Amino acid sequence: MNTDITASAKSEYPVIDRNPPFTKTVANFNTLDYLRLTTISGISVTVGYLSGIKPGIRGPSMVTGGLIGVMGGFMYAYQNSAGRLMGFFPNDGEVARYKK
C-alpha cells in the first residue's frame, strides 16, 4: 500500500520538487512563513504566561507554551513551504526563482 500523498493527489500548480528534502524546504521559507511562525510563537508564549495560575508557575508555563508555539509554527511554515514546492499551493515566486 502506497501512503505517499504525492503519488495519489494531482497538483494544481507547477511541481518544482516532488519530494523536497528538509534543507530545501526550510530554505524555501518566505516572509509570510516566518511571520506565521513568530505570530504563533508569540501567542503561545502569552497564553502560557496567562495560564500560569500561581506566580511561581508562570515562568515555566510561559516557556512550555513558547516551545509548543515554536514547534507548531515551524511545522505550519514547513507544511506551506513543502506544499508550494510540490505544487499543492500557489507557487508563482518559487516557479520564477527555480526556472532561472
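These notebook entries record what I looked up on salt bridges and a surface patch in a predicted model.

**Entry 1: ground rules.** I number residues from 1 along each chain as its sequence is written, and side-chain values use heavy atoms, with hydrogens and water left out. In this predicted model, local features need pLDDT of at least 70 and side-chain atom pairs count only at pLDDT 80 or more, while totals for chains, interfaces and linings use all residues.

**Entry 2: salt bridges.** I looked for salt bridges (a side-chain nitrogen of Lys or Arg within 4 Å of a carboxyl oxygen of Asp or Glu). The count by this rule is four. I noted that Asp33, Arg36, Arg84 and Glu94 are linked in a network of them.

**Entry 3: aspartate 33.** I found aspartate 33 bridged to arginine 84, with the closest N and O atoms 2.7 Å apart. This pair links distant parts of the chain, 51 residues apart, with aspartate 33 in helix H3 and arginine 84 in helix H4. Helices here are DSSP runs (H or I, at least four residues), numbered from the N terminus. Aspartate 33 also bridges arginine 36, at 4.0 Å between the closest N and O atoms; both lie in helix H3, about one turn apart.

**Entry 4: cover.** I call a residue buried under 20% relative accessible area, exposed over 50%, and partly exposed in between (1.4 Å probe, protein chains only). Aspartate 33 is buried at 0%, whereas arginine 36 is partly exposed at 26%.

**Entry 5: arginine 84.** I then saw arginine 84 bridged to glutamate 94, the closest N and O atoms being 2.6 Å apart. Arginine 84 is buried at 7%, and glutamate 94 is buried at 4%.

Terms used: Helices (H or I, at least four residues) and strands (E, at least two) are DSSP runs, numbered from the N terminus.
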